[in-house]
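This report describes a protein chain and the ligand modelled with it. Please consult the sequence and the structure shown here before reading on.

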Amino acid sequence: MARFVVVELERNSPKWTKVIDEIVRIEKKIFPKHESLARSFDEELKKRNSGLLFSEVDGDGDGHVAGYVMYSWPSSLCASITKLAVKENFRGQGYGEELLKAAIEKCRTRRVHRISLHVDPLRTPAMTLYKKLGFQVDNLIEGYYAPDRHAYRMYLDFESN
Ligand SMILES: CC(C)(COP(=O)(O)OP(=O)(O)OC[C@H]1O[C@@H](n2cnc3c(N)ncnc32)[C@H](O)[C@@H]1OP(=O)(O)O)[C@@H](O)C(=O)NCCC(=O)NCCS
């Protein structure tokens, strides 16, 4: 595995534009248009209650993005994982798991009771990863992504706060 660190993208970071540009490129490759945040990343992230972590490979200040996870905490009770993706050539090496674990920890520090997310049941690697880290299926939401594309809502409850 290439050397990597999980980094939080800070609002005033000099890396902001470079990182967002890289993420938008990855996003466009991986997700169909209606599922993509490519056009709204900047806006989403400027909201006060959202955050983005990314895996930076071969760091030392001039690294590249191998994957990213976005999360938000719309209320003091509940947080959401709004996006998780790893570039194809970096998959199967632990990046996704490290990102998701880091996002869960960020949400835990917000003292929310529950983290929820939506995932297309056909995305087997993602479903398996979410289950591995303790997420359970809540229910199926028909037509969530498109008329013929459904989503599972999944959740992870924290035992005590
Ligand atoms: C889901 C995704 C982020 C996983 O990233 P990754 O870096 O390849 O995952 P990791 O190497 O960290 O694997 C961690 C766990 O995920 C699961 N997993 C990963 N790839 C898998 C695969 N091809 N099949 C089944 N399970 C898989 C396994 O549980 C694995 O744990 P294990 O190694 O102990 O078996 C990546 O496949 C991806 O970007 N997919 C496309 C985008 C997507 O579906 N995002 C989620 C919906 S928003």
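The model is a predicted one, in which local features need pLDDT of at least 70 and side-chain atom pairs count only at pLDDT 80 or more, while totals for chains, interfaces and linings use all residues. Residues are numbered from 1 along each chain as its sequence is written.

E2 and E3 run antiparallel and are joined by eight bridges; two strands pair if DSSP finds at least two bridges between them. E2 also pairs with strand E1 (residues 4–8), in the antiparallel sense and over five bridges. In that pairing, Leu53 of E2 stands opposite Glu8. Six of the eight residues of E2 are buried, a term that requires 20 or more other C-beta atoms within 10 Å of the residue's own, whereas exposed means 12 or fewer and partly exposed lies in between, with C-beta atoms placed from the backbone.

Strand E4 (residues 78–86) is mostly covered, with seven of its nine residues buried. E3 and E4 form a hairpin with five residues between them.

With strand E5 (residues 114–119), E4 pairs in the parallel sense over four bridges. Cys78 stands opposite Arg114 in E5. E4, helix H3 (residues 95–109) and E5 make a right-handed β-α-β unit; right-handed means that, with the strands pointing away from the viewer, the path from the first strand over the helix to the second runs clockwise.

## Two exposed loop residues

Glu88 lies in the loop between E4 and H3. Glu88 counts as exposed because it has 10 C-beta neighbours inside 10 Å. Glu88 and Gly67 are 21 residues apart in sequence, and their C-alpha atoms are 9.3 Å apart in space.

Arg111 is found in the loop between H3 and E5. Its phi is near 65 degrees, a positive value in a residue other than glycine. Arg111 counts as exposed because it has 12 C-beta neighbours inside 10 Å.

## The nonpolar core

The largest nonpolar core has 33 residues. Such a core is a set of buried Ala, Val, Leu, Ile, Met, Phe, Trp, Tyr and Cys residues joined through C-beta atoms within 7 Å. Tyr68, Val69, Leu99 and Ala103 have the most contacts inside it.

## The ligand shell

The ligand is surrounded by 20 residues, of which the closest are Arg91, Gly96, Glu97, Pro125 and Leu129; a residue is near the ligand if its C-beta atom, placed from the backbone, lies within 6 Å of it. E4, H3 and helix H4 (124–132) each give two or more residues to this shell. H4 gives the most, with six residues.

The shell divides into nine nonpolar, six polar and five charged residues. Ala, Val, Leu, Ile, Met, Phe, Trp, Tyr, Cys and Pro count as nonpolar, Asp, Glu, Lys and Arg as charged, and the others, Gly among them, as polar.

## Confidence

The protein chain averages a pLDDT of 91, and 96% of the residues score at least 70; pLDDT is the predictor's confidence in each residue, from 0 to 100. Confidence is highest in H4, at a mean of 98, and lowest in helix H2 (residues 41–46), at 79.
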